[in-house]
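Work through the exercises below with the structure in view. Try each task before reading its solution.

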Amino acid sequence: MPTYADALALFHVWTETDSLRRHGYAVEASMAEMARLRGGDVEAWRMAGLLHDLDYEKHPSLDEHPTVGVAELARLGYPEDVRTAILGHAPYLGVPRETDMAKALFAVDELSGFVTAVAFVRPDKLDGMTPRSVKKKLKDKRFAAAVSREDIRQGADELGIGLDELIQIVIDGMAREASRLDLA
Ligand SMILES: [Fe+2]
C-alpha cells in the first residue's frame, strides 16, 4: 500500500498550481483533525483529503473528475475506502457516502476552501477566527460565491454535527498546519 510520502509525490506530479496545492493541503489538514476526533486512521484520511482533487488540474470536466484520478489511485494500489470517499465528494456521480471518511471529506471540502478565503482577508489569518465570523461570511452571497453553502450544511448534517462544530474543526485542523497553507 502506498505511503503518505508516495501520495504527496503523486499529488505534486498531477497538481502544479499553488492554489490547487494549497487547497489539497487545506482539505488534508481538516481531514487529519476529523480523523483524530472520530477515531479514523489519520494517514488514510490525510491521503483522501490530499488526493481528492488529484486530477482536477488536468481533467476538470464532470465526466473526468474525479474518476480519472481514482482510476490512477486504483492502479497504484490505494485503499478502497480512500477511493470511494473521493468518488463520494462529487455529488453528480451519485456514489453514496457510507463511511465516516467519505462523509467527512464531503463536509470539509468546500468549507476548507471557504475558510482559506476568509483567512486571506483577515490580518490575523486563522488566529482568533471563530465559527461566528465564518458564518457571517457564509451569509454574504458575494463572498467566495463559488462555494456551495448548501453542500457545507448538508455535510454537517451527514456527519451528525452542527455547523458551528464543523467550522471549528476545520479552523483547528488548518491552524495546526497554517505554515503549509501560507496562512501563518
Ligand atoms: Fe476540493
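**Exercise 1.** In this predicted model, determine how H6 and H8 are oriented to each other.

*Solution.* Start with the two helices: H6 covers residues 100-120 and H8 covers residues 149-159. Their axes come within 8 Å and cross at roughly 150°. Angles over 145 degrees count as roughly antiparallel, so H6 and H8 are roughly antiparallel to each other. The crossing of H6 past H8 is left-handed.

**Exercise 2.** List the residues through which H6 and H8 meet, and sort them by type.

*Solution.* On the H6 side, take Lys103, Ala104, Phe106, Ala107, Glu110 and Leu111. On the H8 side, take Asp151, Ile152, Gly155, Ala156, Glu158 and Leu159. Sorting the residues of this contact gives 7 nonpolar, 1 polar and 4 charged.

**Exercise 3.** Find which residues touch the most other members of the largest nonpolar core, then follow Met174.

*Solution.* The core has 52 residues, and Met31, Ala48 and Met174 touch the most other members. H6 supplies the largest share of this core, 12 residues. Next, set aside the neighbours of Met174 within four places in sequence; its contacts are then Ala26, Ala29, Ser30, Ser112, Val115, Leu126, Leu181 and Leu183.

**Exercise 4.** Decide whether Glu165 is buried, partly exposed or exposed.

*Solution.* First locate Glu165: it lies in helix H9, residues 163-176. Then count: 14 other C-beta atoms are within 10 Å. A buried residue needs 20 or more and an exposed one 12 or fewer, so Glu165 is partly exposed. Finally, Glu165 and Pro131 are 34 residues apart in sequence, yet their C-alpha atoms are 7.8 Å apart in space.

Conventions
Residues numbered from 1 in each chain as written. Predicted model: local features only at pLDDT ≥ 70, side-chain atom pairs only at ≥ 80, totals over all residues. Axes fitted to C-alpha atoms, helices over the stretch in contact; angles between N-to-C directions. Helix = DSSP H or I, 4+ residues; strand = E, 2+ residues; numbered from the N terminus. Parallel < 35°, antiparallel > 145°, perpendicular 65-115°, else oblique. Left-handed = near helix turned anticlockwise from the far one by under 90°. Contact = placed C-beta atoms within 7 Å. Nonpolar A, V, L, I, M, F, W, Y, C, P; charged D, E, K, R; others polar. Core = buried A, V, L, I, M, F, W, Y, C linked by C-beta atoms within 7 Å.
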